[in-house]
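Student: I would like to learn how to read a protein model feature by feature. Could you take me through one, giving the general idea before each case?

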Amino acid sequence: MSEQTLTFVVGTGRSGSSALSRILRAHPDVLSLNELLASVGADPGRDPLPARPLSGVDFWYLLTEPNEVFDRMIRSGAPLPEFLYPRRPGRWSAERTGIPALCLMVLPHLTDDPDALLDRLEPQVTEWPTRPAADHYRALFRLLGAEHGSRAAVERSGYSLGWVARLHAAFPDARFVHLHRDGPDCALSMSSHPGYRMIIQLREIARYSGVATLSALTDAHVARLPPHLAGLLRNRFDPALVLERTLPVTDFGALWAQLVAEGVEALDRVPDGLRTALAYEDLLDRPREELARLAEHIGVAPDPAWLAEGAAALDGSRRGAALRLLPEQRAALVEACAPGTAALRAGAH
């Protein structure tokens, strides 16, 4: 088998990216790595790409230590719809054991028995030699791909644009696909999603406390937070704090704009031949053509049966959702999104 190619599909999330992971999984030559970066990297206390070399045991710990933010959301009754493991639970639980990060969204995307796959991986990964984290990831992708002969590994996480620079440095030959969506539509979708509602409030906690990262929060910081923010840091919180608190939709527009502007700037530093863009709206309008272009970019054939299956799997019913806002609400949201919209146009990403 030829050397496995590696591609990262990056974006803000809420851009049809979960559907794209499912479409990629159906391709016979693709290993679809669903939300790996999000599973490992969303925990404030864990760096998914540490600078120091890792032993196999260290790398296994990085992959499997439960994500405390995600487990806390599950325990509190505010899970993300992307969490796959709790829908067909095995021996792990957020309440009793914590769910291994790799089991939450990555392995259940590949198999109906993620516990068994985890058990098969552990004795192999933990015996690996000490080496850079990127080398461990490549070995993991080859190991997973060998199960069904995949020639291309594609990692896709929502909220991943901020990782472009570090990913390109760690994997200089990796390819990138920037999946993006109309800003107001995307921001409106974020505003009803528990994960993005949590992100907005965690960012508010960081600003209120004056810390650069949430991992720097101390008990003294938490003691000074208002109750609606401090409550989110409890082992079990009131889900209404995430699901029901009024949050201006323009906050999500500003978040989208910041992510896109910074992401486009980082993508500009990736060589032309290694990056491309995929607009959600184009994917809906020309699914076979855009999926064929995507297949070529990641290094696999545009299998006709796969193109037909992928086109049938797309749902455009939520396109143009922001048009249904009141005129003044939409105008404010368009303004909040404007820096990101301009960055997309200028960078053609």
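This is a predicted model: local features need pLDDT of at least 70, side-chain atom pairs count only at pLDDT 80 or more; totals for chains, interfaces and linings use all residues.

Student: Let us begin with the overall fold, then: how many helices and strands does the protein chain have?

Tutor: The protein chain has 19 helices and five strands. Its radius of gyration is 20 Å, close to the 20 Å that the globule rule gives for 349 residues, so the chain is as compact as a globular protein of that length. Along the principal axes, the C-alpha trace spans about 55 × 45 × 35 Å.

Student: What share of the 349 residues is buried, and what share of the contacts between residues at least 6 apart joins residues at least 24 apart in sequence?

Tutor: Buried residues account for 54% of the 349, and 76% of those contacts join residues at least 24 apart. The chain exposes about 15,100 Å², of which carbon and sulfur atoms supply 53%.

Student: Where does Glu82 lie, and is Glu82 buried or exposed?

Tutor: Glu82 belongs to the loop between helix H4 (68–75) and helix H5 (101–104). Its relative accessibility is 15%, so Glu82 counts as buried, the cut-off being under 20%.

Student: With which side chains does the side chain of Glu82 make polar contacts?

Tutor: There is a polar contact with the side chain of Arg14 at 3.3 Å, and another with the side chain of His193 at 3.0 Å. If residues up to four places away in sequence are left out, Glu82 touches Arg14, Ser18, Glu35, Arg87, Met105 and His193.

Student: How should I read a pair of aromatic rings?

Tutor: In general, a pair of aromatic rings is described by the distance of the centres and the angle of the planes. In this model the count comes to eight aromatic pairs. One of them joins Phe59 and Tyr137, an edge-to-face pair with 5.0 Å from centre to centre and 90 degrees between the planes. Phe59 lies in helix H3 (residues 56–64) and Tyr137 in helix H8 (residues 133–145), so this pair ties together parts that are 78 residues apart in sequence. Phe59 is buried, with a relative accessible area of 0%, and Tyr137, at 5% relative accessibility, is buried as well.

Student: How is the pair of Tyr137 and Phe141 arranged?

Tutor: That pair is tilted, with 6.2 Å centre to centre and 40 degrees between the planes. As a general idea, an α-helix has 3.6 residues a turn, so residues three or four places apart point the same way. Here, Tyr137 and Phe141 both lie in helix H8, four residues apart, about one turn of the helix. Phe141 has 3% relative accessibility and counts as buried.

Student: Which residues form the aromatic cluster?

Tutor: Phe8, Phe59, Trp128, Tyr137, Phe141, Phe171 and Phe176 form one aromatic cluster.

Technical notes:
Residues are numbered from 1 along each chain as its sequence is written. Side-chain values use heavy atoms; hydrogens and water are left out. Rings of Phe, Tyr and Trp (its six-membered ring) pair if their centres lie within 6.5 Å; planes under 30 degrees apart count as stacked, over 60 as edge-to-face and the rest as tilted. Helices (H or I, at least four residues) and strands (E, at least two) are DSSP runs, numbered from the N terminus. Buried means under 20% relative accessible area, exposed over 50%, partly exposed in between (1.4 Å probe, protein chains only). A polar contact is a pair of N or O atoms within 3.5 Å; within protein, one must be able to donate a hydrogen and the other to accept it, and residues adjacent in sequence count only if both atoms are side-chain atoms. Contact means heavy atoms within 4.5 Å. The radius of gyration is taken over C-alpha atoms; the globule rule is 2.2 Å times the number of residues to the power 0.38. Accessible areas come from the Shrake-Rupley method with a 1.4 Å probe; for residues, only the protein chains shown count as cover.
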